[in-house]
Amino acid sequence: MTFETKRALLKTLALAALLAAGSAQAAGRYVLISHAPDSDAWWNTIKNSIKQAGEDFGVQVDYRNPPTGDLADMARLIEQAAAAGYDGVITTIADYSVLEGAIKKVTDKKIPLITINSGTTAQSEKLGAVMHVGQPEYEAGRGAGYKAQAAGVKTFLCVNHYATNPASFERCRGFAEIIGADYKTSTLDAGDDPNGIEAKVSAYLRQHPKTDAVLALGPTSAAPTLKALDKAGLKGKLYMASFDLSDEISKGIKDGSVKFGIDQQPYLQGYIPVAVLATMKQLKSADRAAVAEAVKANPKAKARFDEYGLAPVYGKRHILSGPGFVTQDNIAKVEKYAGQYR
């Protein structure tokens, strides 16, 4: 290949890259803002999902989060997004009272808003969001509680590694109500330091030896809890379940030390909002039903969901991403993509 040929090829490639970038920007530019600190690996699945949604719908999607999980920093990120001219904003409702003012700056500019993950559908509607995409936390807790109740569980410890998120307590409350326990005295504000979580769980179980079960609220609290149970000789003996999935949780499900994982299908919480916002822009319509049907019928979206074994529930206004329960019966199908797309 001659020098001139190489130079012409490079120019062609550069032009193609510019056209692709311009096309993505013209098609839409969106941002997802989470409450998660950098240390929370659970959100990697959502990062992967918005990347793939951006590819499938030809749009640009940015991810923003407060590095330490500080909600005041999150509010500032939302305010910055409102000023940045995005075509749509996706955010969690980690704390309604802290974020309400910042989110209002988004809706005041008529920027389409979709809420995900934490918060309630009622809060989402009050904020003026198009819809909420997530798992109903209280109902998910109740679903887990029914499984525990059937196994004879009457007392439990709820290991909450994110007690600053009010919605997290709904998981504990739902579980407690079904088995007849007091969720307030059964819930541990564990923090997010692995060593601290392990120490707090160990201390609680020593002080409450008649505890029947442990419910972890995610991988951050599940892994140290499993270590605490192992050191106490209770791993596989004490009934344990956890929200979400990770390598440790999947391993526990397979060896029987974790009865089930409560899967909120986080991939959907990233992919669907991008798909909905991009489709709204493409159709030039805010008709939720029409947009949801278009997303549901989209061949690229359908291929993603089928490949990863995901099943969103399309409601009249909101779209549910969970809960689903992962047990020894279906873990093989799920773990192939755990931590990436599940």
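**Helix 2 against helix 14**

I started with helix 2 and helix 14 (residues 299-308) in this predicted model. Their axes come within 10 Å and cross at roughly 145 degrees. I then looked up who makes the contact: helix 2 brings Gln-52, Glu-55 and Asp-56, while helix 14 brings Lys-300, Arg-304 and Tyr-308. Sorted by class, I get four charged residues, one polar and one nonpolar.

Next I went to strand 1. Is it enclosed or open to the outside? Four of its five residues are buried, so I noted strand 1 as largely enclosed by the rest of the structure.

I checked the pairing on each partner. Strand 1 runs parallel to strand 2, with five bridges joining them. Leu-32 has Tyr-63 in strand 2 as its bridge partner. To get from strand 1 to strand 2, the chain goes through helix 2 (residues 44-57), and I have this β-α-β crossover down as right-handed. Strand 3 is also parallel to strand 1, joined by four bridges. There I picked out Ile-33, whose bridge partner in strand 3 is Thr-91.

At the strand 11 end, I looked at the link to strand 12 (residues 319-320): two bridges, and the strands run antiparallel. One pair I wrote down is Val-313 with its bridge partner Leu-320 in strand 12.

**Helix 10**

Last, I did a length check on helix 10 (residues 219-231). At 1.5 Å a residue, its 13 residues should span 18 Å, and the end C-alpha atoms are 18 Å apart, so the two agree.

Which of its residues are buried? My list reads Pro-219, Ser-221, Ala-222, Pro-224, Thr-225, Leu-226, Ala-228 and Leu-229. I then asked what the buried residues of helix 10 pack against. The neighbours are strand 6 (156-160), helix 9 (194-207), strand 8 (213-216), strand 9 (239-243) and helix 11 (247-255).

Note on methods:
Residues are numbered from 1 along each chain as its sequence is written. This is a predicted model: local features need pLDDT of at least 70, side-chain atom pairs count only at pLDDT 80 or more; totals for chains, interfaces and linings use all residues. Side-chain values use heavy atoms; hydrogens and water are left out. Two strands pair if DSSP finds at least two bridges between them. The expected span of a helix is 1.5 Å times one less than its number of residues. Buried means under 20% relative accessible area, exposed over 50%, partly exposed in between (1.4 Å probe, protein chains only). Contact means heavy atoms within 4.5 Å. A crossover is right-handed if, with the strands pointing away from the viewer, the path from the first strand over the helix to the second runs clockwise. Axes are lines fitted to C-alpha atoms, for helices over the stretch in contact, and angles run from 0 to 180 degrees between N-to-C directions. Ala, Val, Leu, Ile, Met, Phe, Trp, Tyr, Cys and Pro count as nonpolar, Asp, Glu, Lys and Arg as charged, and the others, Gly among them, as polar.
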